[in-house]
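Hi,

Here is the structure I promised to pass on to you.

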Amino acid sequence: MSDIVIIYTDGACRGNPGPGGWGVLLTYKGNAKELFGGEKTTTNNRMELMAAIQALEALKKPCNVQLNSDSSYVLKGITEWLPDWKKRNWQTAAKKPVKNDDLWRRLDAAKTLHTIEWKWIKGHSGDQGNERADALANFGIDSLP
């Protein structure tokens, strides 16, 4: 089996909308890299998407990836809803514009280089990778000027 990059992503928001942060923990062959950032006014869903985008964009070459997220929005969007949104020119089944389509388009582009297993994990359930990604997302908020 080939080597896999294990990624944990999380987003956080204080108020929705409000100040938000995203966090990423990447591990590969025993090495870890942590990423985080934030925005002064955003939503939780946007930060969840941004975490996944930043994680995949940080990879320097095509990789086999296991991306772990506690966001049903991100996972259902990328694995179920995205193909239909694209067929409908970024409209929902109700013929409304897809929310956060700027980030969905960016995530769609970022995933093309990689072979990805998208995995849902229960948030705040003691999973060390998820807990670290959550802490990094909150650090992203705390680091805002």
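A133 sits in helix α4 (helices are DSSP runs of H or I of at least four residues and strands are runs of E of at least two, numbered from the N terminus). With a relative accessible area of 0%, A133 is buried; here buried means under 20% relative accessible area, exposed over 50%, and partly exposed in between, with a 1.4 Å probe and protein chains only. Setting aside residues up to four places away in sequence, A133 touches Y8, T9, D10 and G23, where contact means heavy atoms within 4.5 Å. Y8 is 125 residues away from A133 along the chain, yet their C-alpha atoms are separated by 6.0 Å.

Before I go on, a word on the source: this is a predicted model, in which local features need pLDDT of at least 70 and side-chain atom pairs count only at pLDDT 80 or more, while totals for chains, interfaces and linings use all residues. Residues are numbered from 1 along each chain as its sequence is written, and side-chain values use heavy atoms, with hydrogens and water left out.

Two other residues of α4 are worth a look. L136 also lies in this helix and is buried, at a relative accessible area of 3%. Apart from its neighbours within four places in sequence, L136 is in contact with W22, G23, V24, L25, E34, L35 and F36. At 0% relative accessibility, G140 counts as buried, and beyond residues up to four places away in sequence it touches G21, F36, G37 and G38. By contrast, G140 and I116 are 24 residues apart along the chain, and their C-alpha atoms are separated by 25 Å.

Now to the other helices. The end C-alpha atoms of α1 are 21 Å apart, which agrees with the 21 Å that its 15 residues should span at 1.5 Å a residue (the expected span is 1.5 Å times one less than the number of residues). Helix α1 is mostly covered, with 11 of its 15 residues buried; among them are M47, L49, M50, I53 and L56.

Helix α2 covers residues 72–87, and its 16 residues reach 22 Å from first C-alpha to last, close to the expected 22 Å. Where does α2 have its kink? The kink, of about 60°, lies at W81, shortly before the proline P83; the bend at a residue is the angle between axes fitted to the seven residues ending there and the seven starting there. The buried residues of α2 are Y73, V74, L75, G77, I78, L82 and W85, and what covers them includes α1 (44–58), β4 (64–69), α3 (101–111) and β5 (115–120).

In strand β4 you will find Q66, which is buried at a relative accessible area of 15%. Leaving out neighbours within four places in sequence, Q66 is in contact with I4, V5, I6, I7, E117 and K119.

A few backbone details may interest you. N89 follows α2 and lies in the loop between α2 and α3. Its phi is near 55°, a positive value in a residue other than glycine. N100 is in the loop between α2 and α3 as well, and has a positive phi of about 60° although it is not a glycine. Are these two residues buried or exposed? N89 is exposed, with a relative accessible area of 61%, whereas N100 is buried, at 16%. There is also a cis peptide bond between N16 and P17, with omega about 15°; P17 lies in the loop between β1 (4–13) and β2.

Last, the pocket. The largest pocket is lined by 15 residues, of which V5, Y28, L59, K60 and C63 lie nearest its centre. The elements that give two or more residues to this lining are β2 (18–28) and β3 (31–42). On a 1 Å grid over the protein atoms alone, a pocket is an open set of points where a 1.4 Å probe fits, with protein on both sides within 12 Å along at least five of seven lines, and lining residues have an atom within 4 Å of a point.

Best wishes
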